[in-house]
Amino acid sequence: MNKKLFITILSMCIIFILNGCYSKDEYNNSNYIINEDITIDVFDAGKADCILIGLKGKYIMIDTGLDKNKDEISKDLKSKGINELEYLILSHMDKDHIGGSDKIINEFKINNLIQPDYKKDSSQYKEYEKAIKENNIEPILLHNEIETKINDIELKIYPPEKNEYKESNDYSIIVDITYKDQSFLFMGDAEQERIEEFIKFNKKNYTVIKMPHHGRFNNMTEKLVESTSPKYSIITCSEEENADDKTVSILEKYNVKNYLTKNGDVIIKSDGKNTTLSQ
(Lines give C-alpha, C1' and ligand atoms only; values in the text may rest on other atoms or scores of the structure.)
Protein backbone atom coordinates (compact mmCIF):
# COMPACT_ATOMS: atom_id res chain seq x y z
CA MET A 1 0.00 0.00 0.00
CA ASN A 2 1.16 3.52 -0.79
CA LYS A 3 2.71 5.01 2.38
CA LYS A 4 0.84 8.31 2.01
CA LEU A 5 -2.50 6.50 1.57
CA PHE A 6 -1.78 4.29 4.61
CA ILE A 7 -1.11 7.35 6.84
CA THR A 8 -4.35 9.00 5.64
CA ILE A 9 -6.46 5.89 6.41
CA LEU A 10 -4.77 5.46 9.80
CA SER A 11 -5.47 9.11 10.73
CA MET A 12 -9.15 8.72 9.78
CA CYS A 13 -9.44 5.60 11.92
CA ILE A 14 -7.92 7.35 14.94
CA ILE A 15 -10.36 10.29 14.58
CA PHE A 16 -13.30 7.86 14.31
CA ILE A 17 -12.20 5.96 17.43
CA LEU A 18 -11.69 9.16 19.45
CA ASN A 19 -15.09 10.50 18.45
CA GLY A 20 -16.62 7.23 19.54
CA CYS A 21 -15.19 7.71 23.04
CA TYR A 22 -17.63 10.58 23.74
CA SER A 23 -21.34 10.05 24.14
CA LYS A 24 -23.91 12.71 23.21
CA ASP A 25 -24.52 13.37 26.90
CA GLU A 26 -20.84 14.05 27.51
CA TYR A 27 -20.77 16.60 24.72
CA ASN A 28 -23.77 18.35 26.26
CA ASN A 29 -22.31 18.80 29.74
CA SER A 30 -21.70 22.20 31.32
CA ASN A 31 -18.15 22.40 29.96
CA TYR A 32 -19.22 22.34 26.34
CA ILE A 33 -21.06 25.35 24.89
CA ILE A 34 -22.31 24.88 21.32
CA ASN A 35 -23.56 28.46 20.76
CA GLU A 36 -22.28 31.28 22.93
CA ASP A 37 -25.43 33.40 22.82
CA ILE A 38 -24.40 35.28 25.97
CA THR A 39 -20.86 36.43 26.73
CA ILE A 40 -20.09 38.41 29.87
CA ASP A 41 -16.71 39.94 30.70
CA VAL A 42 -16.26 41.00 34.32
CA PHE A 43 -13.11 43.07 34.10
CA ASP A 44 -10.24 43.00 36.56
CA ALA A 45 -10.45 46.71 37.40
CA GLY A 46 -9.31 46.56 41.01
CA LYS A 47 -11.94 47.38 43.62
CA ALA A 48 -14.24 48.69 40.93
CA ASP A 49 -16.97 47.41 38.62
CA CYS A 50 -16.96 47.23 34.84
CA ILE A 51 -19.01 44.52 33.16
CA LEU A 52 -19.52 44.02 29.42
CA ILE A 53 -22.46 41.85 28.38
CA GLY A 54 -22.94 40.56 24.84
CA LEU A 55 -26.43 39.35 23.93
CA LYS A 56 -26.25 37.82 20.46
CA GLY A 57 -24.35 40.81 19.09
CA LYS A 58 -26.00 43.58 21.13
CA TYR A 59 -24.00 45.00 24.02
CA ILE A 60 -24.71 46.27 27.52
CA MET A 61 -22.17 47.76 29.89
CA ILE A 62 -22.78 47.90 33.62
CA ASP A 63 -20.48 50.51 35.23
CA THR A 64 -17.19 51.79 33.88
CA GLY A 65 -14.54 51.21 36.54
CA LEU A 66 -12.15 53.83 37.88
CA ASP A 67 -10.83 56.82 35.97
CA LYS A 68 -7.50 55.02 35.57
CA ASN A 69 -9.22 52.05 33.89
CA LYS A 70 -10.93 53.95 31.09
CA ASP A 71 -8.25 53.80 28.38
CA GLU A 72 -7.88 50.04 28.78
CA ILE A 73 -11.66 49.51 28.79
CA SER A 74 -12.13 51.59 25.67
CA LYS A 75 -9.31 49.74 23.91
CA ASP A 76 -10.85 46.38 24.85
CA LEU A 77 -14.25 47.32 23.39
CA LYS A 78 -12.67 48.56 20.17
CA SER A 79 -10.60 45.38 19.87
CA LYS A 80 -13.88 43.44 19.95
CA GLY A 81 -15.26 45.59 17.13
CA ILE A 82 -17.79 47.28 19.41
CA ASN A 83 -18.80 50.84 18.56
CA GLU A 84 -22.28 50.94 20.10
CA LEU A 85 -23.87 50.05 23.43
CA GLU A 86 -27.57 49.26 23.60
CA TYR A 87 -27.50 50.13 27.28
CA LEU A 88 -24.96 51.83 29.50
CA ILE A 89 -26.16 51.23 33.07
CA LEU A 90 -24.46 53.11 35.89
CA SER A 91 -25.51 51.23 38.99
CA HIS A 92 -24.76 54.24 41.22
CA MET A 93 -22.59 57.32 41.07
CA ASP A 94 -19.50 56.37 43.09
CA LYS A 95 -16.10 56.96 41.47
CA ASP A 96 -15.28 53.24 41.19
CA HIS A 97 -18.39 52.73 39.04
CA ILE A 98 -18.52 55.88 36.86
CA GLY A 99 -14.79 56.65 36.55
CA GLY A 100 -14.54 55.71 32.87
CA SER A 101 -18.03 56.86 31.90
CA ASP A 102 -16.92 60.09 30.19
CA LYS A 103 -14.60 58.24 27.80
CA ILE A 104 -17.19 55.56 27.01
CA ILE A 105 -19.82 58.23 26.32
CA ASN A 106 -17.42 60.28 24.19
CA GLU A 107 -16.13 57.37 22.09
CA PHE A 108 -19.12 55.03 21.68
CA LYS A 109 -22.73 55.43 20.59
CA ILE A 110 -24.99 55.01 23.65
CA ASN A 111 -28.58 54.15 22.79
CA ASN A 112 -29.86 54.12 26.38
CA LEU A 113 -28.09 55.60 29.41
CA ILE A 114 -29.55 54.65 32.79
CA GLN A 115 -28.63 55.95 36.23
CA PRO A 116 -30.28 56.32 39.64
CA ASP A 117 -31.82 59.72 40.36
CA TYR A 118 -29.23 61.45 42.53
CA LYS A 119 -26.02 63.43 42.15
CA LYS A 120 -22.55 63.04 43.59
CA ASP A 121 -20.06 65.75 44.49
CA SER A 122 -16.94 64.35 42.83
CA SER A 123 -14.63 65.12 39.92
CA GLN A 124 -15.71 61.88 38.23
CA TYR A 125 -19.37 62.88 38.38
CA LYS A 126 -18.54 66.33 36.93
CA GLU A 127 -16.69 64.65 34.04
CA TYR A 128 -19.72 62.41 33.49
CA GLU A 129 -22.11 65.39 33.45
CA LYS A 130 -19.86 67.21 30.98
CA ALA A 131 -19.77 64.17 28.67
CA ILE A 132 -23.55 63.69 28.56
CA LYS A 133 -24.06 67.42 27.92
CA GLU A 134 -21.52 67.52 25.08
CA ASN A 135 -23.05 64.42 23.48
CA ASN A 136 -26.67 65.59 23.94
CA ILE A 137 -27.60 62.52 25.96
CA GLU A 138 -30.51 62.65 28.36
CA PRO A 139 -30.05 59.83 30.89
CA ILE A 140 -33.00 57.83 32.16
CA LEU A 141 -33.30 58.55 35.88
CA LEU A 142 -34.62 55.18 36.92
CA HIS A 143 -37.76 55.16 39.07
CA ASN A 144 -39.71 52.36 37.42
CA GLU A 145 -38.65 48.83 36.56
CA ILE A 146 -37.63 48.27 32.96
CA GLU A 147 -38.52 44.89 31.49
CA THR A 148 -37.54 44.26 27.88
CA LYS A 149 -35.95 41.73 25.51
CA ILE A 150 -32.78 41.99 23.49
CA ASN A 151 -32.61 39.31 20.79
CA ASP A 152 -35.11 37.18 22.80
CA ILE A 153 -32.97 37.45 25.98
CA GLU A 154 -34.90 38.91 28.92
CA LEU A 155 -33.54 42.01 30.63
CA LYS A 156 -34.93 43.43 33.88
CA ILE A 157 -33.56 46.60 35.45
CA TYR A 158 -34.69 47.24 39.01
CA PRO A 159 -34.63 50.76 40.48
CA PRO A 160 -34.01 51.60 44.13
CA GLU A 161 -37.34 51.74 45.93
CA LYS A 162 -36.73 54.96 47.88
CA ASN A 163 -35.95 58.48 46.76
CA GLU A 164 -33.24 58.98 49.38
CA TYR A 165 -30.77 56.72 51.19
CA LYS A 166 -28.11 57.39 53.79
CA GLU A 167 -25.58 55.36 51.80
CA SER A 168 -24.77 56.08 48.17
CA ASN A 169 -24.39 52.32 47.60
CA ASP A 170 -28.06 51.73 48.41
CA TYR A 171 -29.11 53.67 45.32
CA SER A 172 -27.69 50.73 43.33
CA ILE A 173 -29.62 49.64 40.26
CA ILE A 174 -29.93 45.84 40.10
CA VAL A 175 -29.84 44.04 36.74
CA ASP A 176 -31.31 40.60 35.94
CA ILE A 177 -30.60 38.81 32.64
CA THR A 178 -32.45 35.57 31.86
CA TYR A 179 -32.10 33.32 28.82
CA LYS A 180 -33.88 29.98 28.72
CA ASP A 181 -32.75 28.08 31.86
CA GLN A 182 -29.92 30.43 32.83
CA SER A 183 -30.10 33.65 34.89
CA PHE A 184 -27.49 36.26 35.81
CA LEU A 185 -27.79 38.84 38.59
CA PHE A 186 -25.74 42.02 39.03
CA MET A 187 -26.14 43.66 42.44
CA GLY A 188 -24.06 46.83 42.08
CA ASP A 189 -22.85 47.92 45.52
CA ALA A 190 -26.14 47.20 47.30
CA GLU A 191 -25.77 47.24 51.06
CA GLN A 192 -28.07 45.95 53.76
CA GLU A 193 -31.12 48.14 53.06
CA ARG A 194 -31.04 47.66 49.28
CA ILE A 195 -30.47 43.90 49.54
CA GLU A 196 -33.45 43.65 51.86
CA GLU A 197 -35.60 45.45 49.27
CA PHE A 198 -34.53 42.98 46.60
CA ILE A 199 -35.03 39.72 48.47
CA LYS A 200 -38.55 40.74 49.54
CA PHE A 201 -39.74 40.23 45.96
CA ASN A 202 -37.15 37.81 44.60
CA LYS A 203 -38.52 34.36 43.71
CA LYS A 204 -35.70 33.20 41.43
CA ASN A 205 -32.57 31.13 41.65
CA TYR A 206 -29.62 32.40 39.63
CA THR A 207 -26.84 30.69 37.75
CA VAL A 208 -24.38 33.52 38.45
CA ILE A 209 -24.49 36.43 40.89
CA LYS A 210 -22.13 39.39 40.88
CA MET A 211 -21.93 39.89 44.63
CA PRO A 212 -22.61 43.39 45.95
CA HIS A 213 -20.11 45.93 47.26
CA HIS A 214 -16.90 44.07 46.39
CA GLY A 215 -17.62 41.25 48.82
CA ARG A 216 -18.21 43.41 51.91
CA PHE A 217 -20.12 41.46 54.58
CA ASN A 218 -23.30 42.74 56.18
CA ASN A 219 -26.27 41.24 58.03
CA MET A 220 -28.10 40.51 54.75
CA THR A 221 -25.22 38.74 52.95
CA GLU A 222 -26.25 35.22 53.90
CA LYS A 223 -29.93 35.94 53.25
CA LEU A 224 -29.03 37.15 49.74
CA VAL A 225 -27.18 33.91 49.00
CA GLU A 226 -30.08 31.87 50.43
CA SER A 227 -32.61 33.82 48.35
CA THR A 228 -30.76 33.58 45.03
CA SER A 229 -29.17 30.10 45.38
CA PRO A 230 -26.41 30.82 42.86
CA LYS A 231 -24.19 28.15 41.33
CA TYR A 232 -21.39 30.67 40.73
CA SER A 233 -20.47 34.04 42.26
CA ILE A 234 -18.10 36.82 41.27
CA ILE A 235 -16.57 39.41 43.56
CA THR A 236 -14.86 42.51 42.14
CA CYS A 237 -11.89 43.22 44.40
CA SER A 238 -8.15 43.80 44.54
CA GLU A 239 -5.22 42.43 46.53
CA GLU A 240 -5.19 45.61 48.59
CA GLU A 241 -8.97 45.68 49.11
CA ASN A 242 -10.01 42.05 49.17
CA ALA A 243 -13.39 40.43 49.82
CA ASP A 244 -14.35 39.91 53.45
CA ASP A 245 -13.56 36.44 54.79
CA LYS A 246 -17.11 36.14 56.17
CA THR A 247 -18.59 36.65 52.70
CA VAL A 248 -16.30 34.04 51.16
CA SER A 249 -17.12 31.60 53.98
CA ILE A 250 -20.87 32.02 53.38
CA LEU A 251 -20.42 31.26 49.68
CA GLU A 252 -18.41 28.17 50.58
CA LYS A 253 -21.11 27.11 53.05
CA TYR A 254 -23.70 27.11 50.24
CA ASN A 255 -21.35 25.37 47.78
CA VAL A 256 -21.11 28.39 45.49
CA LYS A 257 -18.04 28.41 43.26
CA ASN A 258 -16.57 31.87 43.76
CA TYR A 259 -14.33 33.95 41.47
CA LEU A 260 -12.33 37.02 42.55
CA THR A 261 -11.42 39.56 39.86
CA LYS A 262 -8.12 40.26 41.66
CA ASN A 263 -7.04 37.03 39.92
CA GLY A 264 -7.97 38.35 36.47
CA ASP A 265 -10.96 38.97 34.21
CA VAL A 266 -13.84 36.51 34.60
CA ILE A 267 -15.40 35.37 31.32
CA ILE A 268 -18.92 33.90 31.33
CA LYS A 269 -20.37 32.10 28.31
CA SER A 270 -23.83 30.61 27.97
CA ASP A 271 -26.14 29.09 25.37
CA GLY A 272 -29.17 29.32 27.66
CA LYS A 273 -28.90 25.70 28.78
CA ASN A 274 -25.31 25.55 29.96
CA THR A 275 -22.98 28.18 31.40
CA THR A 276 -19.21 28.17 31.79
CA LEU A 277 -16.90 30.52 33.67
CA SER A 278 -13.18 30.93 33.06
CA GLN A 279 -10.45 33.16 34.39
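## Overall organisation

Residues 24 or more positions apart account for 64% of the contacts with a separation of 6 or more in the protein chain. The model described here is predicted. The protein chain contains nine helices and 17 strands.

Of the 279 residues in the protein chain, 52% count as buried. The accessible surface of the chain amounts to about 14,200 Å², and carbon and sulfur atoms contribute 46% of that area.

## Nonpolar cores

In soluble globular proteins, nonpolar side chains tend to be buried together. In this model, the largest nonpolar core has 30 residues. The residues with the most contacts inside this core are Ile40, Ile53, Ile60, Ile89, Ile157, Ile177 and Phe186. A second, separate core holds 25 residues, including Leu85, Met93, Ile110 and Leu113.

Ile40 illustrates how parts of the sequence meet. Leaving aside neighbours within four places in sequence, Ile40 is in contact with Ile51, Leu52 and Ile53, with Phe184 and Phe186, and with Val266, Ile267 and Ile268.

Helix H7 spans residues 192–201 and helix H8 spans residues 221–228. Their axes come within 10 Å and cross at roughly 25 degrees. Angles under 35 degrees count as roughly parallel, and H7 and H8 are therefore roughly parallel to each other. The crossing of these two helices is left-handed. On the H7 side, Ile195, Phe198 and Ile199 take part, and they meet Lys223, Leu224, Ser227 and Thr228 in H8.

Helix H9 covers residues 245–253, and its axis comes within 10 Å of the axis of H8, with a crossing angle of roughly 30 degrees. That angle makes H8 roughly parallel to H9. The crossing of H8 and H9 is right-handed, whereas that of H7 and H8 is left-handed. Thr221, Glu222 and Val225 of H8 make the contact with Thr247, Ile250, Leu251 and Lys253 of H9.

Leu141 lies in strand E8, which consists of residues 140–141. Its relative accessibility is 37%, so Leu141 counts as partly exposed; this class lies between buried, under 20%, and exposed, over 50%.

Leu141 and Ile114 are 27 residues apart in sequence, yet their C-alpha atoms are 6.2 Å apart in space. When neighbours within four places in sequence are set aside, Leu141 is in contact with Gln115, Pro116 and Asp117.

Terms used: Residues are numbered from 1 along each chain as its sequence is written. This is a predicted model: local features need pLDDT of at least 70, side-chain atom pairs count only at pLDDT 80 or more; totals for chains, interfaces and linings use all residues. Side-chain values use heavy atoms; hydrogens and water are left out. Helices (H or I, at least four residues) and strands (E, at least two) are DSSP runs, numbered from the N terminus. Buried means under 20% relative accessible area, exposed over 50%, partly exposed in between (1.4 Å probe, protein chains only). Contact means heavy atoms within 4.5 Å. Accessible areas come from the Shrake-Rupley method with a 1.4 Å probe; for residues, only the protein chains shown count as cover. A nonpolar core is a set of buried Ala, Val, Leu, Ile, Met, Phe, Trp, Tyr and Cys residues joined through side-chain atoms within 4.5 Å. Axes are lines fitted to C-alpha atoms, for helices over the stretch in contact, and angles run from 0 to 180 degrees between N-to-C directions. Angles under 35 degrees count as roughly parallel, over 145 as roughly antiparallel, 65 to 115 as roughly perpendicular and the rest as oblique. A crossing is left-handed if the near helix is turned anticlockwise from the far one by less than a right angle, and right-handed if clockwise.
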